[in-house]
Amino acid sequence: MRVGARFCPGILNPVPAKDGLLVRIRIPGGVIQASQLKTVAEASRMFADQEIEITSRANLQLRAIQQQDVEGLIHALADADLLPSRQHDRVRNIVASPLAGIDAEELIDVSALVRQLDEHLQMEPRYAELHPKFSFGLHGGGKKFSQDQEDLSLEAVETPVGPRFQLFIAGQDLGFTVSTEESVSCLLQLAEACINLSMDNAVPARAKNILALPHGGNQLLSGVEHMLRPSTEQLAQPVFAEAPLGIQPTAHTGYVTIAPTVPLGRLSADQAELLAAITTEHHGGLRLAPWRGVVLCGIPENEAIGIVDRLEAAGLSCSGRDGFRGIAACAGSAGCDASFADVRAHATLLAEGLAGSDAAKGWTVNLSGCEKQCARRHGATAEMIASESGYTLKIEGALAASSCSPEFALAAIVALHQKFRTEVAQG
């Protein structure tokens, strides 16, 4: 079982997998230029398996790369400004809503803050000492899609003096807010404190490890107290929004977003090039999403139907009736030595069984090739976890069957989907 920081890939740090080398391209905030996605598509065709994976932190991965092709791949990605800092190749995980700046319900547009944070992280070599999985979250209010607990995150809240950010460390609310103006400085100083405390205590540079230390929370906050204000508001628990699908309104009159289903979070090179071309033609924007999807932004409303037709023809459904909506799967036995099953093939069979009907609101399924459950999302409706003896089937977190065949598990989930749709429809 491969664990540890050295198995976290970057562009300069490919890691071995069953199907070849794997690289990860960090896309802070999920914002990618059409020209950059086009370059990734060309690189996947030339150096990888002609597929592009979208991760749950809205980054990109390329697989099945051969050692002799690594140098050519690095040059191609660097020329597209996808390797802005060689030192920080494996850090810079910054998660934000793909609707930042266009969500009518948000309190603060964090787009500029994401850019500032990324720029400052690259300017300081010290931040390269953060753990590769260390992540920052910036959420401006409005719709929230990621349920992951970031190491350091700021959540916009309304206060008597206007919108501020509530500070969360490893998912814990420590009772403080920070202003928009000081938000980036606060995150950077906390990140540096994580590095210092991790070195002093010989633990990995992750916020959860620092909080676990005696008085770790107080030590972490000691350098930023002047930026913080105690929170007196009773915070509501966040409500996580359903991933948008198809044509959706925005805060900007006359413009919409279009969110297609990306089957199993994998774009073909042709599909990626189509998305880049549509974005360029209509002077829009592209966002990668934490549901392992993509959002086309700034699309003129009167041109949306024609774009949907092009996406549907390319296998990117905007209706959700292809069966893939809500289904997530790890690499499976085709790409990972640890996997006991070809979960992607089984996920595709499941989608075929569900195709033709609308996915019920809140419907999610995870298929995992082993107990590590990579690509797992919390709170899934159904889970299939492979082992040497067959699949373990869980329904809403409870054990439903053990050591069962893929046929049995898939049939059970198809039946569950019909029941789930009926219950949701009846309220």
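A salt bridge here is a side-chain nitrogen of Lys or Arg within 4 Å of a carboxyl oxygen of Asp or Glu. Keep that in mind; this is a predicted model. Searching the whole structure gives 18 salt bridges.

Start with Arg45. Its partner is Glu273, with the closest N and O atoms 2.9 Å apart. Arg45 lies in helix H1 and Glu273 in helix H7, so this pair ties together parts that are 228 residues apart in sequence. Both ends are partly exposed: Arg45 has a relative accessible area of 33%, and Glu273 has 22%.

Helix H1 also holds a local pair. Glu42 and Lys38 meet in a salt bridge at 2.6 Å, N to O. Why can they reach? They are 4 residues apart in helix H1, so about one helical turn separates them. In general, residues three or four places apart on an α-helix point the same way.

Now helix H7. The helix covers residues 269-281 and reaches 18 Å from its first C-alpha to its last, close to the 18 Å expected. Its buried residues include Ala272, Leu275 and Ile278. Among the elements covering the buried residues are helix H1, strand E4 and helix H8. Just after H7, His283 takes a positive phi of about 55 degrees.

Last pair. Arg344 forms a salt bridge with Glu53, closest N and O atoms 2.5 Å apart. Arg344 is in helix H9 and Glu53 in strand E4, so the link spans 291 residues of sequence. Are these two buried or exposed? Both are buried. They also belong to a network: salt bridges with shared partners join Asp19, Asp49, Glu53, Arg63, Arg266 and Arg344.

Note on methods
Residues are numbered from 1 along each chain as its sequence is written. This is a predicted model: local features need pLDDT of at least 70, side-chain atom pairs count only at pLDDT 80 or more; totals for chains, interfaces and linings use all residues. Side-chain values use heavy atoms; hydrogens and water are left out. Helices (H or I, at least four residues) and strands (E, at least two) are DSSP runs, numbered from the N terminus. The expected span of a helix is 1.5 Å times one less than its number of residues. Buried means under 20% relative accessible area, exposed over 50%, partly exposed in between (1.4 Å probe, protein chains only). Contact means heavy atoms within 4.5 Å.
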